[in-house]
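Trainee: Please take a close look at one part of this model for me. I want to follow the charged side chains and what they contact.

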Amino acid sequence: MDVVAAIEDDLFAYALMLGDSALVLSHRLSEWSGFGPTLEEDIALSNMALDLIGQARLCLDYAGKVEGRGRDEDALAYLRDDNDYRNLLICEQPRGDFAVTMVRQLFYAGFMQPCFASLMASRDSTLAAIAAKAEKEMAYHLRHAGEWVIRLGDGTAESHTRTQRALDEMAIYVAEFFTVSAVERRLADAGIAPDPLALRAPFENSITPILKEATLIVPSFAGGQYGGKNGRHGEHLSRLLGEMQVLHRAHPGATW
Amino acid sequence: MYAQALDQKDRSPVIAEDPVRLERFEARCTAEDKIEPKDWMPDAYRRTLIRQISQHAHSEIIGMQPEGNWVTRAPSLRRKSILLSKIQDEAGHGLYLYSAAETLGVSREELSEQLLSGKAKYSSIFNYSTLTWADMGAVGWLVDGAAIMNQIPLCRCSYGPYARAMIRICKEESFHQRQGFEIMHTLAKGTVAQKAMAQDALNRWWWPCLMMFGPPDQASQHSDTSMRWKIKRFSNDELRQKFIDAMVPQARFLGLDIPDPELRFNEESGHWQTGAIDWSEFRRVLAGDGPCNRQRMRVRRQAEDEGIWVRDAARAFAAKRAARRQAAAIAAE
Ligand SMILES: [Fe+2]
Ligand SMILES: [Fe+2]
Ligand SMILES: [Fe+2]
């Protein structure tokens, strides 16, 4: 196998990881449309969903081009089964209450913001360009979710309890962020993608002060659930895709 | 879309207004002056506007539901993104309109309470179901299209804050209509199944959309004062006719049939003439018996209820922070 082809396989897999996480999380956020706790927050949740759909489209479009088999963003989004998805497990967890949503957004953005910041220096110019746009978006999500987690943690007794519970529920999916798949290892060595291990410190540096200010107990993030990067998911993804793909799959080859 | 408010009878006691002020006010309306929140206005003007603006706002909010029904099943990522931002716009419209209503001395909480208690109405069109993806096309094309017909004249409404909100809203509504038309166009030029889906959606939405303009002129409780006060500028039938005349050629361009065997072009008047509208259906849906009246309200209440703890937390936190700042300021003295 020649080197270029090997890198292309890895690039394809990596673009899918980024794209699938954004796509699946945007789907969960879009479930809030019309259900936000205030009108302003309904709009903010849609904004974040829209940012992530935008990122997903760029990444999947690029994945399709790298793969070179004629699959576009929709073929990749709508015609793959759950075991071909490469998203982080945290993204596919059910919407939950507003505390779950905000804690998840905090964790995800807390990880992706430094990830994209580092990816901006990628030797792959397309990934670097996607990262430049996405990094700004993730910085906004991080700020927005952080403000809410502080408000909820330090709000009422009920909001504190709910947020601590959300934190403990979502914490088990954080360790996966920092696992290094073979694809990420090779791309990191080639200067194309960040080494996930290097993102742990920036993640903790941005998350910990927020959780402390929110008067929440910081979970350990040790152990937990893995497998998303390799296509091994939980029970929820298949249902999520079932809903997302139902119409597209009912009309093979149709244009929308 | 929102003309219905003007056809409801104002049941509040009539207040005898100071004739001098009233005359001056009416002269300003006639001169197309803008009335601003701090200006004197007749009580009935204020009440009519609150009723109309809040009904409009409620319609934007309830109107998020029928389209929200398809967000998670949108058939392409591009469509999903457009649909989600359209629904987001509607939430924004609700916000502008609640703010405009607040300038008349009523709070958003009061207005929201009136919606949840069923005291305030929203446009009946949103009590219909969205059964297929083509309904996303039909809603944008026809429902937003009818809303624009109603709302463009409101950009010149005598009440300044409402007129200004409508200018912003109308810009976005025309994008909504275009995306709806584009969905219909794609479906109509698509597979046999897609074209059938588009036709079915037109069949279901056409008549309810004609009803959006409210009862026929001879049956509606007349709104001479609304006309004089430059809140309303065209009658229900005039707006409905404008809508029909605009939509018939568009349906033909799409290659879709308007579900009305009596539809014909009247050479004399230069207008398209439709068959009789079934006003008993309109009254039934308005009275609460549409396909989704109960569901829309249930979902709205559920969303409100599930947000209570969040809003409470935000309030509690804001109070704590203010207290801490005050304590810090005192300590610094
Ligand atoms: Fe509207
Ligand atoms: Fe709107
Ligand atoms: Fe609209």
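Mentor: Start with exposure: buried means under 20% relative accessible area, exposed means over 50%, and partly exposed lies in between (1.4 Å probe, protein chains only). The model is predicted, so local features need pLDDT of at least 70 and side-chain atom pairs count only at pLDDT 80 or more, while totals for chains, interfaces and linings use all residues. Residues are numbered from 1 along each chain as its sequence is written, chains are lettered from A and ligands numbered from 1 in the order written, and side-chain values use heavy atoms, with hydrogens and water left out.

Now the metal. Donors here are N, O and S atoms within 2.8 Å of the metal (3.2 Å for Na, K and Ca); water is not among the atoms, so sites may look incomplete. The iron ion (ligand 1) lies 3.0 Å from the iron ion (ligand 2). Helices are DSSP runs (H or I, at least four residues), numbered from the N terminus. E60(B) counts as buried because its relative accessibility is 2%. E173(B) is buried too, at 1%.

Next, the charged pairs. A salt bridge puts a side-chain nitrogen of Lys or Arg within 4 Å of a carboxyl oxygen of Asp or Glu. K86(B) and E67(B) form one, at 2.7 Å from N to O. That bridge joins distant parts of chain B: K86(B) is in helix α4 (residues 77-102), E67(B) is in helix α3 (residues 64-71), and 19 residues separate them. Both K86(B) and E67(B) are buried. Shared partners extend this into one salt-bridge network of E67(B), K86(B), E90(B) and D144(B).

For contrast, look at R28(B). It pairs with D33(B), with the closest N and O atoms 3.2 Å apart. R28(B) is partly exposed, at 26% relative accessibility. D33(B) is also partly exposed, at 35%. In chain A, R28(A) bridges to E31(A) at 2.9 Å. R28(A) is buried, at 8%. Over all chains, the search finds 38 salt bridges.

Conventions:
Helix = DSSP H or I, 4+ residues; strand = E, 2+ residues; numbered from the N terminus.
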